[in-house]
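User: I would like to learn how to read side-chain contacts and strand pairing in a model. Please take the features one at a time.

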Amino acid sequence: MAAATIVHDTSEAVELCAPCGLYLKPITKMTISVALPQLKQPGKSISNWEVMERLKGMVQTHQFSTLRISKSTMDFIRFEGEVENKSLVKSFLACLDGKTIKLSGFSDILKVRAAEYKIDFPTRHDWDSFFRDAKDMNETLPGERPDTIHLEGLPCKWFAAKDSGSEKPSEEVLTKVFQKFGEIRNVDIPMLDPYREEMTGRNFHTFSFGGHLNFEAYVQYREYAGFIKAMNALRGMKLMFKGDDGKAVACNIKVSFDSTKHLSDASIKKRQLERQKLQELEKQREEQKRREKEAEEKQREEERKQRELEEYERERKREEKLRKREQKQKDREVRRNKKQLEKLQAEEQKKLQEKIKLEERKLLLAQRNLQSIRLIAELLSRAKEFYFLTIILRTAPSRLGRN
């Protein structure tokens, strides 16, 4: 689906669900084809941009809402243009269809053909003939008759529940929007089913150009009249959203009748059974994942304990090595201290021996001095005695003579 475009004129909008800000606006598109001349000079080309600008200039005071190239060949350029209102389409076609363009640098005139865009939308004859001719359909059963609308390209934000904080579409909002045409029997938004993609192999999350997330939905009416009203109301319309600020944007949606029995009781039951199987399979997968996770955690715990044991053993060896190193260092310190003590003791012993020798020498000298003194005293005593004896001997004859 195309990106949402800003709507400046909402006068032709038809209310779909005002509380949800949703409206239907007529599709105002046209196709414009410009026939190209045969290029006679090699290397010369026609500018698509210049052709587009000439087309814009041909609509006088009005302007296109959008104008883009849908196909370009050597023979023609096809454009898709859109205007604000349905009433402007005829005036645009009158300004463009059958007119010519003269490009600068080219002598040939380019012919322009314009027509209202042909909308691809099923008619009542299409679904009536389909269900009438289908051999595997039972028109008495819901979902196997024209009662279900298949919508594609619905913007998620527009159908999200207000104040929910989510941008996912809501089945309640979808029901509220489309119950305008009749009582709704059932709705289905495949993208809301987490098992649907696995069940069908399809991707229900689709992005439009510009990044808006779109979704597809099925709306089943209880009565055929509701289905008819909805299809008639949606024919030739695009979806418009008007915000609280009054600004409006619109986008094209694809509408068709369901031909796949999507909301038939048999299909719903089949999906439920498949969902149950997938849920059971998911439980088994979760259980398997839980067991694997437990085994992994147990293995991690064992590895952690092993690492702790190895770390403890490394730490023990490191401490033992450190202890031995410290013990060796202590032993070396003890031996070094012992050697120093022995050396000090030897030095002290040597000093003591030297001191003893010195004292002994002093004592010996003192003894010798004493002996010398005694010998001198003895000699002096003897000398004195000899002196007195000599004197006596000298004086003895005189004394004898006198006697």
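**Reading the contacts**

Analyst: Glu-80 and Lys-29 form a salt bridge through their side chains, with 3.5 Å from N to O. The model is a predicted one. This pair links distant parts of the chain, as Glu-80 is in strand β6 (residues 76-82) and Lys-29 in strand β4 (residues 29-35), 51 residues apart.

User: Are Glu-80 and Lys-29 buried or exposed?

Analyst: Glu-80 counts as buried because its relative accessibility is 13%, and Lys-29 is also buried, with a relative accessible area of 13%. Lys-29 has a further contact: it lies over the face of Tyr-117, 4.3 Å from the ring centre. Another lysine placed over a ring is Lys-242, which lies over the face of Tyr-23 at 5.3 Å from the ring centre.

User: How many salt bridges are there, and what is the idea behind them?

Analyst: Side chains of opposite charge can pair when their charged atoms come close. The count here is 26 salt bridges. One of the pairs is Arg-145 with Asp-147, at 3.4 Å from N to O. Arg-145 is partly exposed, with a relative accessible area of 24%, whereas Asp-147 counts as buried at 3% relative accessibility.

User: Which residue forms a salt bridge with Arg-290?

Analyst: The partner is Glu-294, and the closest N and O atoms of Arg-290 and Glu-294 are 2.4 Å apart. Both residues belong to helix α7 (residues 265-402), where a spacing of four residues is about one turn of the helix. Arg-290 is partly exposed, with a relative accessible area of 37%, and Glu-294 is partly exposed as well, with 41%. The pair is part of a network of salt bridges that links Glu-287, Arg-290, Arg-291 and Glu-294.

User: How do I read an aromatic pair?

Analyst: A pair of aromatic rings is described by the distance of the centres and the angle of the planes. This structure holds ten aromatic pairs. For Trp-127 and Phe-227 the ring centres are 5.2 Å apart and the planes stand at 80°, so the pair is edge-to-face. Trp-127 lies in helix α3 (residues 124-133) and Phe-227 in helix α6 (residues 224-234), so the pair ties together parts 100 residues apart in sequence. Trp-127 and Phe-227 are buried.

User: What is the geometry of the pair formed by Phe-130 and Phe-131?

Analyst: Phe-130 and Phe-131 are edge-to-face, with 5.2 Å centre to centre and 90° between the planes. Phe-130 is partly exposed, with a relative accessible area of 29%, while Phe-131 is buried, with 2%. One aromatic cluster is formed by Trp-127, Phe-130, Phe-131, Tyr-224, Phe-227 and Phe-257.

User: How many disulfides does a search of the whole structure find?

Analyst: The search finds zero disulfides. The cut-off is a sulfur pair within 2.5 Å. The cysteine sulfur closest to that of Cys-20 is in Cys-17, 3.4 Å away, which is too far for a bond. For Cys-156 the closest cysteine sulfur is in Cys-251, at 11 Å, again too far for a bond. Cys-20 counts as buried at 11% relative accessibility, and so does Cys-156 at 1%.

User: What is the strand order in the open sheet of five strands?

Analyst: The order is β1-β14-β13-β3-β2, with antiparallel pairing. Strands β1 (5-7) and β2 (14-17) are the edge strands, each pairing on one side only. Neighbouring strands of this sheet are turned by 40° against each other on average, direction ignored. Strands β13 (residues 237-242) and β14 (residues 248-251) run antiparallel and are joined by four bridges. Phe-241 has Val-249 in β14 as its bridge partner.

Key
Residues numbered from 1 in each chain as written. Predicted model: local features only at pLDDT ≥ 70, side-chain atom pairs only at ≥ 80, totals over all residues. Heavy atoms only, no water. Pairing = 2+ DSSP bridges. Helix = DSSP H or I, 4+ residues; strand = E, 2+ residues; numbered from the N terminus. Axes fitted to C-alpha atoms, helices over the stretch in contact; angles between N-to-C directions. Buried < 20%, exposed > 50% of the residue type's maximum accessible area, 1.4 Å probe, protein only. Phe/Tyr/Trp six-rings, centres within 6.5 Å; stacked < 30°, edge-to-face > 60°. Lys NZ or Arg CZ within 6 Å of the ring centre and 35° of its normal. Salt bridge = Lys/Arg side-chain N within 4 Å of Asp/Glu carboxyl O.
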